[in-house]
Amino acid sequence: MELLRLAAFADGDEGGNPAGVWLGDTLPDAATMQRIAADVGFSETAFAAPQGEAWRVRYFSPQTEVPFCGHATIALGAAMASRFGDGERTLVLNASTITVSGRGDGNAFAATLRSPATRSGSVDPVLRERALALFGLSEDELDPRLAPAQIHAGADHLLLGLRSRERLAAMRYDLDAGRELMRQAGWVTIALVWAESEQRFHARNAFASGGVYEDPATGAAAAALAGRLRDIAWPHGGSVTIVQGEDMGARSLLQATITATPGSPIEVSGRARFLS
């Protein structure tokens with residue numbers, strides 16, 4: 001087996017979200033994977049082993065298993081390109097089957113994942129109010145074009161669209177209260193988003209459900225956001241760029257390609273670099 005460490009959705013030679021990638025002949029049991037993920041200490045570690053012509057993949061944060069993780073999938077695609085050559089691989093997850101392609105890109109690697117199917121909808125009013133209270137948000141600080149919504153692309157997230165970049169930069173919340181709310185609601189993350197333009201967004205993702213205050217790049221939430229933009233007929237022009245991690249000093253860039261078919265997978269792309 002091999003355990004690798006990469007930063008996914010890097011901005012050149014800097015930034016990105018660190019992820020562990022475990023490659024082996026067969027997957028360990030769940031308790032062992034959970035222990036390894038806790039030892040690695042990154043927000044997620046992807047575990048992958050061959051399954052016929054595909055790869056069986058599971059994702060673990062330091063505290064729990066998650067159904068799908070975008071940045072760890074990008075890291076996995078880059079790691080596979082490094083070890084086995086450029087190409088597309090089929091990944092069998094707990095509840096869906098997706099693909100990831102990886103390729104050499106100068107001194108680093110680039111990867112593109114094709115997400116699970118997307119969907120979005122309204123939020124329970126009580127949970128909505130609790131989420132606003134968690135971040136100290138008022139109704140007039142929300143962007144009416146991006147009303148609070150539950151969004152999904154392999155995992156559930158809450159989307160909160162904000163009117164200003166300044167309010168996004170000021171994101172604060174209590175980790176324990178956030179963990180309790182996210183686990184009760186079934187949200188893997190809460191995504192706070194500001195639209196700089198119709199095709200460029202800035203995001204911050206609270207990941208208290210996994211024991212992590214904030215993720216510097218969240219591919220699953222990026223895919224879910226892109227699916228939501230499609231659902232509300234946002235003028236995305238077929239693709240959007242998401243800047244994340246800037247307020248953490250780990251600027252990350254995510255590209256999401258959006259097809260016209262409702263609910264269809266979203267392609268999320270980014271660069272990855274190996275960590276020493």
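This is a predicted model: local features need pLDDT of at least 70, side-chain atom pairs count only at pLDDT 80 or more; totals for chains, interfaces and linings use all residues.

Q: Which residue is the bridge partner of Ser 239 in strand 16?
A: That's Thr 257.

Q: And how many bridges join strand 13 to strand 15?
A: Four, and those two strands run parallel. Strand 13 covers residues 200-207, and its side of the pairing includes Ala 203, which stands opposite Gln 244 in strand 15.

Q: Switching to helices. Why is helix 6 largely enclosed by the rest of the structure?
A: Because 12 of its 13 residues are buried. Among them are Gly 219, Leu 225, Arg 228, Leu 229 and Arg 230.

Q: How far does helix 6 reach from its first C-alpha to its last?
A: Helix 6 (residues 219-231) reaches 18 Å, close to the 18 Å expected at 1.5 Å a residue. Just after the helix, Ala 233 takes a positive phi of about 60 degrees.

Q: OK, cores. Which residues have the most contacts inside the largest nonpolar core?
A: Tyr 59, Leu 91 and Phe 201, in a core of 61 residues. Helix 2 (residues 70-84) gives the most to that core, with eight residues.

Q: What does Tyr 59 touch?
A: Leaving out residues up to four places away in sequence, its contacts include Thr 45, Glu 65, Pro 67, Phe 68, Leu 91 and Ile 98.

Q: And what's in the second, separate core?
A: That one has 23 residues, including Leu 132, Met 171, Tyr 173 and Ala 185.

Note on methods:
Residues are numbered from 1 along each chain as its sequence is written. Side-chain values use heavy atoms; hydrogens and water are left out. A nonpolar core is a set of buried Ala, Val, Leu, Ile, Met, Phe, Trp, Tyr and Cys residues joined through side-chain atoms within 4.5 Å. Buried means under 20% relative accessible area, exposed over 50%, partly exposed in between (1.4 Å probe, protein chains only). Contact means heavy atoms within 4.5 Å. Two strands pair if DSSP finds at least two bridges between them. The expected span of a helix is 1.5 Å times one less than its number of residues.
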